[in-house]
Amino acid sequence: MRNLFLTAIFLMVSVNIHAQIVLEALGGNEQAHYINYIEKDLDSNAKWNFFNLNRFTVDYRDNALNTVSIEGQLTYQFKPWLGISAGGGFYGELFVPSIGLSLSYLNKKGDFFIQMYPTVGIAEGQFVASVLGLMGYTPKFSESWGLSSQIIFSIDPVEATQIVRIGANYKDKIQFGAGIDMLQSFQTKTFNFNLGPFVRFNF
């Protein structure tokens, strides 16, 4: 199953070579956090879309705390703000297939957006509800410079994650500033954070 999933990821990424590709790295006080995501309209009418989010963390003190998360959603939009999605996530040794909705909003100026995927997946034989979302606000101060603010968030019955970034935006190609990763575990009732500078590249 894992080999099949990895093959599917490779094919999806290969098909979307010309998509918007974002690469980001944060040097936190606890971990280094690497993020990349891909967004692509698959047809001229923007009915079929693909979203892929990959996250990797490297703990400075304990390699056993390193994590990997690969999530992908193929969506069909009934309206610009509403669609259905199917995909799944790979979390270490666990693969969770899912199906759900695609919800999105973009303001008229194009500097504020929300993208959400409320889904139901199957994990170890049980149905699991979760939400994955991406929110950004990027107002321009001049032709070259602007503000970059972004939140990636996810929540499921086990934990909630918020990845917050705020800083400067140069020509929509490079963003840099400060970031914080927050993880709340509902089972152990613990709250962890990882704070540091980040840099992001858009291709």
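Predicted model: local features only at pLDDT ≥ 70, side-chain atom pairs only at ≥ 80, totals over all residues.
Visitor: Which elements of secondary structure does the chain have, and in what pattern do they follow one another?

Guide: The chain has one helix and 12 strands. Read along the sequence, the pattern is α-β-β-β-β-β-β-β-β-β-β-β-β.

Visitor: How should I read the radius of gyration of the chain?

Guide: The radius is set beside the value for a compact globule with 203 residues, which would be near 17 Å. The chain has 17 Å and therefore agrees with that value. Along its principal axes, the C-alpha trace spans about 50 × 45 × 30 Å.

Visitor: What do burial and surface area say about the chain?

Guide: Of the 203 residues, 37% count as buried. The chain exposes about 11,800 Å², and carbon and sulfur atoms supply 66% of this area.

Visitor: What share of the contacts joins residues at least 24 apart in sequence?

Guide: Among contacts between residues at least 6 apart in sequence, that share is 38%.

Visitor: How many side chains are positive and how many are negative, and where do the centres of the two sets lie?

Guide: There are 14 positive and 16 negative side chains in the chain. The centres of the two sets lie 9 Å apart.

Visitor: Let us turn to single residues. Is S185 buried or exposed?

Guide: A residue counts as buried when its relative accessible area is under 20%. S185 has a relative accessible area of 14%, so S185 is buried. This residue lies in strand 11, which covers residues 174-185.

Visitor: Which residues does S185 touch?

Guide: Not counting residues up to four places away in sequence, S185 touches V158, E159 and T190.

Visitor: Where is K47 found, and why is K47 described as partly exposed?

Guide: K47 is found in the loop between strand 2 (31-41) and strand 3 (48-59). The term partly exposed covers the range between buried, under 20%, and exposed, over 50%. K47 is partly exposed because its relative accessible area is 29%.

Visitor: Which residues are in contact with K47, and what separation is found between K47 and N29?

Guide: Leaving aside neighbours within four places in sequence, K47 is in contact with T75, Y76, Q77 and F78. K47 and N29 are 18 residues apart along the chain, and their C-alpha atoms are separated by 41 Å.

Notes
Residues numbered from 1 in each chain as written. Heavy atoms only, no water. Helix = DSSP H or I, 4+ residues; strand = E, 2+ residues; numbered from the N terminus. Buried < 20%, exposed > 50% of the residue type's maximum accessible area, 1.4 Å probe, protein only. Contact = heavy atoms within 4.5 Å. Rg over C-alpha atoms; globule rule 2.2 N^0.38 Å. Areas by Shrake-Rupley, 256 points an atom, 1.4 Å probe, with all protein chains shown as cover. Lys, Arg positive; Asp, Glu negative; His and termini not counted. Charge placed at Lys NZ, Arg CZ, Asp CG, Glu CD.
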